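Reader: I'd like to learn how to read a fold from coordinates. Can you walk me through one?

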Amino acid sequence: MGFLSKFFGGGNDGSSQKAKDRLKIVLIHDRTDISPQLLDNLRDEMVGVLAKYMDIDTKKIEIDLDHDENAVALVANIPILRIKRGKVADIS
Amino acid sequence: MPARVIVTTSGKGGVGKTTSTANIAAALAKFGKKVVAVDADVGLRNLDVIMGLENRVVYNFIDVIEKTCKLSAALVKDKRVPGLYLLPAAQTRTKDAVNPEQMVALCEEMKPDFDFILLDCPAGIEGGFKNAAAGADEALVVTTPEIPAVRDADRIIGMLESMGKSPIRLIINRLRPNMVQDGDMLAKDDILDVLSSELIGVVPEDESVIRATNNGEPMTMTLDSPAAQAYLNIAERILGRDVPLMDLESYATRGFLSSIKRFFTGKRKR
């Protein structure tokens, strides 16, 4: 029967499921695509907030998007030098 | 009431923007509305030939913007359907010949005289798209059941959302019901699952689209094909009427050969 199904052009198991899976992954990546400019702005604002609570080593900050097969994560590595003690209100 | 301004767009080229614009415009006119279809694809105009009005184009909307002629001189009246007009694009100019502010002003000028202004947008996400989208309040996004088209539609929907267009509604074009049944084409629900957009209609793949283009007569003028019916339904939904989706499965090929094929390949209706 194999040659018959080949003859009638139905040798595979329907390609739409594969299209659906590929489409989902492509869209996950497209939708989380971020411009370097936007990433810089995000970084500056995050540093601003963090600086109210702690001294951070701004030279060693690493912020990037981590693209996995099925998901995208924002990964930030921010070395802390010292936590600021006392009330936040006093500091800001 | 001033006209509703609707842009037809897609991102990807060749998915049926211009065909959709022409057919929806003709259908709305058949329902008694006064409609102008604007070809916003400056430099690559085609709405005139799809509508079969190419021989009657004298001026274009760039002439209107540059005040070379009056708006009324540039509008081409379709003699087959009362209330249907075409505002052609310039063929020998580029997209830089117009800016979004001028497009908005042009639409504002036409609003009091029409019920609907349909803007046929060029492919891409650059200036031409931004010009066309600028003038519109609502959007129709055309896609086909293929990864590249759906991907580009997703991008365009995101851009239209950030521009504040509402509603943004989706046309799934060139669907082949028998391929969907065989599990070889993305189904309507597969596409709606991934796109955050409301569906306004599904148009089946139909040879009469090619015949209509050859003849220069939008299908909704004669109404003798599944695609024509689908576009007519879309026009009714634009008018706010509750029209059920067509039963596309009945258009799937159910001939003798396909039953044999189904028997041997073991593919069943899903």
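Reader: In what sense do β1(B) and β6(B) pair, and over how many bridges?

Author: Two strands count as paired if DSSP finds at least two bridges between them, and strands (E, at least two residues) and helices (H or I, at least four) are DSSP runs numbered from the N terminus. Here β1(B) and β6(B) pair in the parallel sense over four bridges, with B:Val7 opposite B:Ala139. Before going on: this is a predicted model, where local features need pLDDT of at least 70, side-chain atom pairs count only at pLDDT 80 or more, and totals for chains, interfaces and linings use all residues. Residues are numbered from 1 along each chain as its sequence is written, while chains are lettered from A and ligands numbered from 1 in the order in which they are written.

Reader: Which residue of β5(B) stands opposite B:Val7?

Author: That's B:Leu119. β1(B) and β5(B), residues 116-120, pair in the parallel sense over five bridges.

Reader: What is the strand order in the open sheet of chain B?

Author: Eight strands run β3-β4-β2-β5-β1-β6-β7-β8, with mixed pairing. β3 (76-77) and β8 of chain B are the edge strands with a single partner each, so one side of each has no neighbour in the sheet. β8(B) pairs with β7(B) in the parallel sense over five bridges, and B:Arg169 has B:Glu198 in β8(B) as its bridge partner.

Reader: Which strands does helix α7 of chain B touch?

Author: Contact means that two C-beta atoms, placed from the backbone, lie within 7 Å. Angles run from 0 to 180 degrees between N-to-C directions, and axes are lines fitted to C-alpha atoms, for helices over the stretch in contact. Helix α7 (residues 147-162) of chain B packs on the sheet and touches β1 (4-9), β6 (138-143) and β7 of chain B, its direction making about 170° with that of β6(B). α12(B), for its part, lies across β7 and β8 of chain B at about 160° to β8(B).

Reader: Which residues have the most contacts inside the largest nonpolar core?

Author: In soluble globular proteins, nonpolar side chains tend to be buried together. A nonpolar core is a set of buried Ala, Val, Leu, Ile, Met, Phe, Trp, Tyr and Cys residues joined through C-beta atoms within 7 Å. The largest one here has 86 residues, and B:Val35, B:Ile117 and B:Tyr231 have the most contacts inside it. Its largest share, eight residues, comes from helix α12 (residues 226-238) of chain B. B:Tyr231 touches several residues beyond four places away in sequence, among them B:Ile24, B:Val203 and B:Met219.

Reader: What do the buried residues of α12(B) pack against?

Author: They pack against α1 (17-30), β7 (168-175), β8 (198-204), α10 (207-215) and α11 (219-222) of chain B. Just after α12(B), B:Gly240 has a positive phi of about 90°.

Reader: At what angle do α5 and α6 of chain B cross?

Author: Two packed helices are described by the angle between their axes and the distance between the axes. The axes of α5 (residues 100-110) and α6 (residues 127-135) of chain B cross at roughly 35° and come within 8 Å.

Reader: And chain A: how many helices and strands has it?

Author: Four helices and four strands, in the order α-α-α-β-β-β-β-α from the N terminus. Buried residues make up 1% of its 92 residues. In β3(A), residues 72-77, the count of buried residues is zero. β2 (residues 62-67) of chain A pairs with β3(A) in the antiparallel sense over six bridges, and the two form a hairpin with four residues between them.

Reader: Is A:Asp57 buried or exposed?

Author: A:Asp57 counts as exposed, because it has 10 C-beta neighbours inside 10 Å. You'll find A:Asp57 in the loop between β1 (54-56) and β2 of chain A.

Note on methods. Buried ≥ 20, exposed ≤ 12 C-beta atoms within 10 Å, placed from the backbone.
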